[in-house]
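Colleague: I have a model open and some questions about it. Can we go through a few parts together?

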There are 6 protein chains.
Amino acid sequence: MYFHRQELQHKATPDKPDAVYARKLQEVLGGQYGEISVAMQYSFQAWNMHMPGKYRDLVFGIAAEEMGHVEMLAVMIAQLLEKAPLGITDDAVQSDPTVAAVVGGTDIQHGIVAGAGARPVDSMGNPWQGSYITASGNLLADFTSNANAEMQGRVQVARLYHMTDDHGVRDLLKFLLARDTMHQNQWMAAAAELREEGLEGWPVPSNFPQRKEHTDVSYEYINFSDGEAASEGSWAKGPTPDGHGEFSYRSEPEPGVPMPPATQPDARWYGTTPKPNTMEKIAGEVQDKLHME
Amino acid sequence: MYFHRQELQHKATPDKPDAVYARKLQEVLGGQYGEISVAMQYSFQAWNMHMPGKYRDLVFGIAAEEMGHVEMLAVMIAQLLEKAPLGITDDAVQSDPTVAAVVGGTDIQHGIVAGAGARPVDSMGNPWQGSYITASGNLLADFTSNANAEMQGRVQVARLYHMTDDHGVRDLLKFLLARDTMHQNQWMAAAAELREEGLEGWPVPSNFPQRKEHTDVSYEYINFSDGEAASEGSWAKGPTPDGHGEFSYRSEPEPGVPMPPATQPDARWYGTTPKPNTMEKIAGEVQDKLHME
Amino acid sequence: MYFHRQELQHKATPDKPDAVYARKLQEVLGGQYGEISVAMQYSFQAWNMHMPGKYRDLVFGIAAEEMGHVEMLAVMIAQLLEKAPLGITDDAVQSDPTVAAVVGGTDIQHGIVAGAGARPVDSMGNPWQGSYITASGNLLADFTSNANAEMQGRVQVARLYHMTDDHGVRDLLKFLLARDTMHQNQWMAAAAELREEGLEGWPVPSNFPQRKEHTDVSYEYINFSDGEAASEGSWAKGPTPDGHGEFSYRSEPEPGVPMPPATQPDARWYGTTPKPNTMEKIAGEVQDKLHME
Amino acid sequence: MYFHRQELQHKATPDKPDAVYARKLQEVLGGQYGEISVAMQYSFQAWNMHMPGKYRDLVFGIAAEEMGHVEMLAVMIAQLLEKAPLGITDDAVQSDPTVAAVVGGTDIQHGIVAGAGARPVDSMGNPWQGSYITASGNLLADFTSNANAEMQGRVQVARLYHMTDDHGVRDLLKFLLARDTMHQNQWMAAAAELREEGLEGWPVPSNFPQRKEHTDVSYEYINFSDGEAASEGSWAKGPTPDGHGEFSYRSEPEPGVPMPPATQPDARWYGTTPKPNTMEKIAGEVQDKLHME
Amino acid sequence: MYFHRQELQHKATPDKPDAVYARKLQEVLGGQYGEISVAMQYSFQAWNMHMPGKYRDLVFGIAAEEMGHVEMLAVMIAQLLEKAPLGITDDAVQSDPTVAAVVGGTDIQHGIVAGAGARPVDSMGNPWQGSYITASGNLLADFTSNANAEMQGRVQVARLYHMTDDHGVRDLLKFLLARDTMHQNQWMAAAAELREEGLEGWPVPSNFPQRKEHTDVSYEYINFSDGEAASEGSWAKGPTPDGHGEFSYRSEPEPGVPMPPATQPDARWYGTTPKPNTMEKIAGEVQDKLHME
Amino acid sequence: MYFHRQELQHKATPDKPDAVYARKLQEVLGGQYGEISVAMQYSFQAWNMHMPGKYRDLVFGIAAEEMGHVEMLAVMIAQLLEKAPLGITDDAVQSDPTVAAVVGGTDIQHGIVAGAGARPVDSMGNPWQGSYITASGNLLADFTSNANAEMQGRVQVARLYHMTDDHGVRDLLKFLLARDTMHQNQWMAAAAELREEGLEGWPVPSNFPQRKEHTDVSYEYINFSDGEAASEGSWAKGPTPDGHGEFSYRSEPEPGVPMPPATQPDARWYGTTPKPNTMEKIAGEVQDKLHME
């Protein structure tokens, strides 16, 4: 169950409206790595988790916090839009660059669709979608996904920080930056703990019997581009992070195998096939006639 | 520039067709974590990269390999579809469960749209989309995203392994599993190398001046659910992975701040606002009339 | 702020797993009229609302309840998937209709992507998307949208009720049906209260000066199909629901106006335009040459 | 069958081109509540309807009118785009705010893709999609959806009215406002008539046996937020609009039920599960080995 | 203006219901090359056309016919769904392959969402979308697109023909096949006529001054794969279809140009850049400090 | 297998950055007819092809070239973005039209998401998607689709040519224009060769037994609009391009057939059905009760 309290975790009030910035801020509300994504990602991970206890409590605990972050951003955006201009009533837009500029930089649906309100979209107006989230049931993979989400999110907030000098907006961003710092650290700590407790390990999934894979290429760097500098990295020699092997380097792939013969599906799919010679053709036509009804 | 060679990196021929399995295999071709995703993700990272050298060579090198993995899966799927049944010609499907079952389990567009061929979609028929990929320009964030992609991908291939006993299919999956092992390890090694070389560090982005964030909550676990077991984890006490702080635990958030006043945008957005008292109303109506033309 | 409590509003445990039904149930979790839609729709309406008080409290109060409904359905789906079969390991699917049937009827990503877990998608695997929701800021319009959402939702749950005889599933559906009954009634009551208090009225938006519209067709039924029975309805004669007019009926539209002349945009858009006669052509070519650099 | 007549229902010619406004107008052509949506929504309702007669004639009649509205908007947009600037040929856009402003405010695909023509997208460039429409077969639910669509549409047109002072554009909008007034009224009248004739009633669907739902919560307001003002509304006390009950108010939910035990799916899904103790572990490993082939 | 007549262009009644086939038929209603696509594509081409007369009349005339094809398919699908089973009420689906098969093969939303009605989606449940259509304003390009649409559509209908033996369904498909034959021929005739009249030619757009392109590679086949058989085709030697050149063949590309230097955007985008040496580093840090506020 | 060489097929360096133009150029990278589309379309056609030899070599050869075109455009866009402004730090955007203009015209995600890098999206920010491509297995249909893609692409590049005067950008566009000229010609030549070799013919698919279609309307122009000029075209009289018939013209369709009776699906779908008279009602209620459990 979820309970809502009509308070915000942190103050979310701009010094003044700024409809263009409102649009930019949509990215961290409704974008691929926005707050809706992490709120939903952690929620689905928790609902699907195969064990109660500290890991599930962790995921539930942060999921609910992120819903509150969605709220702070939505409330902030609504205030940034409070003076959103309706547009042009006196002159054609071509002759009024100031207003036109703002119009160009705003999310047009903020006005026409939401009446100066926040929307579940990113900064280019793409609606948030369920395919942004990851919840595989394998916690080491999923916590790595979570760490990535918090990293991408913090990068985006840092970029947004430099796009405004509004103290109210910056104050909220400073708070979000700090929480992203916490959450990055937390998912890395949790991923490490999973490994220490032997619940999961590298390579993920660790309990797939590794002997079954083609182990000759499990730790081999195979180069398909012509830059040779990749051979200098720690991914081309020395022990592998999973502790099970040694990296090796191959500057180009071994000779491949020939393409398999082209497929010959049923003639009634009407694909183009080679023209048969006469004898085959007659036989084929008879056969086709039988099938073609 | 890209060059194509009419060979496959590994044999990709099933023992026998299996139209239902062809659909399942689409997930790792055209799904969120399929081969198109990693091929495109690594390509965009390389094209946008801010330095030549070993990191860019690495990303280019693997990107091209992944295009070849897309190809092996597409060729495999086309063969699995070679005997794809057209459907029902003699009896209503209701009375013929065997054929109907296959129909139910296949990707219908494999036949009607592609004529027994592979498609750029996932196992539920959702088209691949550009919003699956990540290329932020921050390499530590992006390599973490890459590691996650290879983990999710290997989990999916491992699951698919148990869904068939076709030796040809399994042989290809064994190869893909091994390459996912390699690539997981490689991205983790590369992420570590970035940190060792001081090019980027935790928390990402590391050169945002951390003093600017609200540091009082940078390392504080704040619990928004009622499970207390999260306090036992290494994310709630002890040093943080970034080496800059100590985790602390707070079982519930501090009191929040009140919601800001509701916004009052221009009346011409036609949002619903409180009914003014009489005096305000008259004044408002006059003002509205002026604007309403 | 949102708080999560590790309890469910109502019991959500099936008598036994049923992977095919799990897929169907996704519709009311992640479909156009699923619980994510109403949770998000009501949340955005609250965040964007232009007045505090009973209407905002109402919307906040139900929004949080709906998040708990998402949770109950997700938890239910995970349990329905607990015995989800991996697929076929012994025989080709073509020869095993029983297993194939289940495979055909399941959401393939439930297994391969989520490892037997719920997903933010509908019953056909389409990801939930932000464009499902409505939050215009005009409360009479939005509460009508909410009433519709609860009606469509209750219709879908009623249909799902007949698709299972699992007592655990039906027990949850009975609870959801009752809450949909409540919420339908509630939004209709709230819409009526808005009108009684004079905050908004019909036609929406009521404070757009109606004299500005072309009032000659404001209450006229104009028939563009050839069925004449529509003239018998209460929408073709008698007073209009908004209380401002009388319906009239016109069996076909008045003569229209001619199409405007075809547009003639800049030649550099390379659209196809009529071939000019010789003189015009020479003039045009000169002009084109000037612009074509 | 549909027949086209090369006339417009109303004049649709702007006084002068305005490429920025052309983009805004796309919202009511190809947006969630644009004319394509209502044209398609009413068409599918008619095609799927379970009875001929006045209701179907009504839906067919309006559906065809709405196709003509799509046409008027498309033709208007093409004319607004007639002088759409190609862009910048002499100076970098950075130094020419006037042109840049227009560029920023236009739909870039209007030019590059459509050659100064209308497109089936909304004002932010999102393509129209089939998931915008509603046609459930339950007419009371669907007519409520239709009323909502006309309300949202009229709100949007009213907003657009204030964004231009072009008399030609405003003249068309005045016509559309009037038709939206008509159609709002008409769907409300039709919904009332359905109830009066006993074809459908509240709560929708009315012929689901209401005794089967958990009637103890069918009319109970349960508050999941901390605003108490919702208790003052007509949705918290007094008779319910469906005429079957009395509203009651509960300021917080009753204690919930515990989460069900975490699910334990097949090990071959590679989800993370609790570490078994030694004895269980050995048994499990044996069992796993049997399955893991 | 569009007018609807309550008649169908051709009989559209199946001999008996078939819920699985109903789903397949959705492909040619709401798929990429379904009837909604051609109806909308031709409509937008007409609305945007830059000249009245025979070409616009042609496009308008077929557009309206295609709307009637959408209708015939929708009505057919609704009838195929008339006996759509609700699902399983007595036994778990696992033990009832016959019913499960049908469930697996049906569009689940046909029932749960549309109550046994047609939907604006393809055979895999993807909603129709505006991005399927093409209307560039260049008629030779667009008529080529139209010819392709009719070809793909006829291929799909031909495939669907073999998937049923229902005489009523086949009768409708025979009609659609004939109309696709007509429309293929018609668009090819219209494309030829455009060229004969000199309104547009090859290469499209023909009035872009061809001397401006890099004419050395305008007619050169450059091979980026290792199959040499492409050199045997009429695309590798002899005159070109546009009549302006001669094809030549190059078995691999000329040496390319080096990659440009990696970009060095503003540090506040937080991309990863090479580590500067000490002196540069100090200077950079000073500069960063100035910008970082 | 794909191999990457760190060279570009043609120089791709702008004279100076231009963030607004970078966004426009995205159209031909990641739009419906951008380079990702053709690279993927040709690849899937090759992988699914039913015969080796010159046609497959052709498709493979161009597919790989197009991947290199994606690369050139991505690298160009990254350079155009090199000086992308972060936004506004000193003043509210409302008072600074110059900067705001640029912000309005840029792809906001270029900065916030990609850190001044290219993205797999079109010029309005819509992600590239798999549903853009066509690969039916019928080569005459598919080559027609390819010809269309190259035509639309060349039209778009020609438009983009006039939107900049940057010599570096124009130089790349001149190269792309030339390759589009080549590829248009090539697909037309290949389509002609298919017909000459008898592998496929008009109408597509040519080996569907044409006698099975309703041949009375196979070559008949039926006019559904009221413009009569279409009767003057070569599509209304004379021999048909497929060589099998003669066009005829009909100024309006023959009388149609009546709509089939409305469907009567199972009552448990809760659709609205006509109210039965008393006797039928009682019988119906009894029957409903039996089913409604």
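Modeller: One term before we begin: helices and strands here are DSSP runs, a strand being at least two residues, numbered from the N terminus. Also, this is a predicted model.

Colleague: Fine. In the hairpin of S4(E) and S5(E), which residue takes a positive phi?

Modeller: Gly243(E), with a phi near 75°. Six residues lie between the two strands of that hairpin.

Colleague: Do S4(E) and S5(E) run parallel or antiparallel?

Modeller: Antiparallel, with two bridges joining S4 (residues 238-239) to S5(E). In one of them, Gly238(E) has Phe247(E) as its partner.

Colleague: And how many bridges join S3 to S5 in chain E?

Modeller: Three, and these strands run parallel. S3 covers residues 220-222 and S5 covers residues 246-250. Opposite Glu220(E) you find Ser248(E) of S5(E).

Colleague: New topic. What does UniProt list for Glu66(A)?

Modeller: The unreviewed UniProt entry lists Glu66(A) under "binding site". In the model, Glu66(A) sits in helix H3 of chain A, residues 54-80.

Colleague: Is Glu66(A) buried or exposed, and why?

Modeller: Glu66(A) counts as buried because 25 other C-beta atoms lie within 10 Å, and the cut-off is 20 or more.

Colleague: Which residues is Glu66(A) in contact with, leaving aside neighbours within four places in sequence?

Modeller: Glu35(A), Val38(A), Ala39(A) and Tyr42(A).

Colleague: Last one: how many helices and strands does chain A have?

Modeller: Eight helices and six strands. Of the 293 residues in chain A, 68% are buried.

Notes. Residues numbered from 1 in each chain as written. Chains lettered and ligands numbered in written order. Predicted model: local features only at pLDDT ≥ 70, side-chain atom pairs only at ≥ 80, totals over all residues. UniProt positions renumbered as here; feature names shortened; annotations may be inferred. Helix = DSSP H or I, 4+ residues; strand = E, 2+ residues; numbered from the N terminus. Buried ≥ 20, exposed ≤ 12 C-beta atoms within 10 Å, placed from the backbone. Contact = placed C-beta atoms within 7 Å. Pairing = 2+ DSSP bridges.
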